[in-house]
Amino acid sequence: MIRKLLRRVFRRGEPSPHRAESISVDRHGIRREQVSPAARRVCETLQGAGHKAYIVGGAVRDHIAGIVPKDYDVATGATPEQVHRLFRRSRIIGRRFQIVHVMFGPETIEVSTFRAAHDADTVKDAHGRVLRDNVWGSIEEDADRRDFTMNALYYDPTAQTVLDFHRGVQDIQRKTLRMIGDPRARYREDPVRMLRAVRLSAKLGLRLDPQVQAPIREMAELIDNVPSARVFDEMLKLLLSGHAIEAVHRLREDGLHHGLLPLLDVILEQPLGEKFVMAALASTDARVRADKPVSPSFLFATLLWHEVLADWEARKKDGLPSQPALFEAMDEVLDKQAEKLAITRRIVGDIKEIWALQPRFEKRAGKAPYRMIEQPRLRAAYDFLLLRAESGEAPMELADWWTEFQDASHERRAEMLLPDSGPKKRGRGRGRKKVGAGETAAATPAD
Ligand code: ATP
Ligand code: MG
């Protein structure tokens, strides 16, 4: 501790190699009224209590690039406890890196204390990945720790200036993503930065600085060492960014798709699968850009569906009956995925429901269709069927039938039913594994 303090005091006397340039409104172009009032209030309150406080990171970058930010982060010289005491509706979260969530109406502003530079005391794993550090520092140190130059911008809503430590404003204007420091070293510290580079470049239409791009292909495998829950978070951000198609193409170009997501390996190599996934991503992108809600479960269900299909087919060929073959295939695909990317349990449950309902669309005789339209997850499963039909994997006639059946009158529905045909399945469904609430009526003998 004393060593650290001395080092910091010592460093304070040196000229900082990264003195900030103060950029005025005519160059950064952020009008105060565009900025979230909640984020402004947080800064003003902190400043009023004598602390430095700035809007920082992606929100500043997005404003300068002319995009409306999704959320706002604030960086401050106040400690988490000091921040917490200033805001009634706030809470300290996180153990590794404590930050404070300040709630203002529907908005949550994430407030973090300036963090110190890494040093010899920083705990790293065998590959150089940073595991733990939680030391407060100066704003300069905080800026140095951020990943890309355009993410190290600090907007002061009171002075209306942007502090730019690494020429990030210029990089936004030149549409070039540049790393702070040596890209290889920064990827080693945190391999997720490779995914962030791809995501941000897709979102903002940036070119990667050659030094940012070049090491990715050879360092991609370092992502294996990152906890799978974190990879999932980052992939989710990427897929729900509104620029997923572009991002997936870039992942492939940069050699980041292999092994990272088994689904990316597969979809980009199977013609039918690729068409299906691209249709799903295109519709997700369109929804995100139109500010409509999107469902991560639906998206992951589409991304992995062709893996399930292939596995299901193989099991049926081996002589397993269709239904248990499907359930085994679902588990196999999800387990394999979980090694790299931890899909949360709730999402896994939803994905399984969507998949498990697919074969039931084929049952168009007797009572089965009536039971189907009572399913709580019908809407998602039906949207999924539409995508399958659009990509040519399911008959369009089947999708059209369900489109009509759902809205048809009682009489019309009765006319639409197909004649009961095929051998009755004996005892199917009894005591079988259920997938969830939506699945209770599945494959009963009457189906
Ligand atoms: P988005 O628009 O998706 O929110 P973002 O850049 O704001 O993009 P966040 O994950 O919200 O991404 O991170 C906020 C800020 O924290 C970043 O702008 C960057 O300054 C810093 N940051 C985030 N992740 C890292 C990382 N892995 N390494 C270094 N700095 C990071
Ligand atoms: Mg952000």
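**View 1. Arginine 61 meets ligand 1 in this predicted model.** A polar side-chain atom of arginine 61 sits 2.8 Å from an oxygen atom of ligand 1, a polar contact (a pair of N or O atoms within 3.5 Å; within protein, one must be able to donate a hydrogen and the other to accept it, and residues adjacent in sequence count only if both atoms are side-chain atoms). Arginine 193 also puts a polar side-chain atom 2.8 Å away, here from a nitrogen atom of ligand 1. With aspartate 147 a backbone N or O atom takes part, 3.3 Å from a nitrogen atom of the ligand. On its own ligand 1 would expose 590 Å², and the protein buries 82% of that; the areas come from the Shrake-Rupley method with a 1.4 Å probe, and for residues only the protein chains shown count as cover.

Residues are numbered from 1 along each chain as its sequence is written, while chains are lettered from A and ligands numbered from 1 in the order in which they are written. Because the model is predicted, local features need pLDDT of at least 70 and side-chain atom pairs count only at pLDDT 80 or more, while totals for chains, interfaces and linings use all residues; side-chain values use heavy atoms, with hydrogens and water left out.

**View 2. The shell around ligand 1 has 17 residues.** Arg61, Asp190, Arg199, Lys203 and Lys237 come nearest; a residue belongs here if one of its heavy atoms lies within 4 Å of the ligand. The shell splits into no nonpolar, three polar and 14 charged residues, where Asp, Glu, Lys and Arg count as charged, Ala, Val, Leu, Ile, Met, Phe, Trp, Tyr, Cys and Pro as nonpolar, and the others, Gly among them, as polar.
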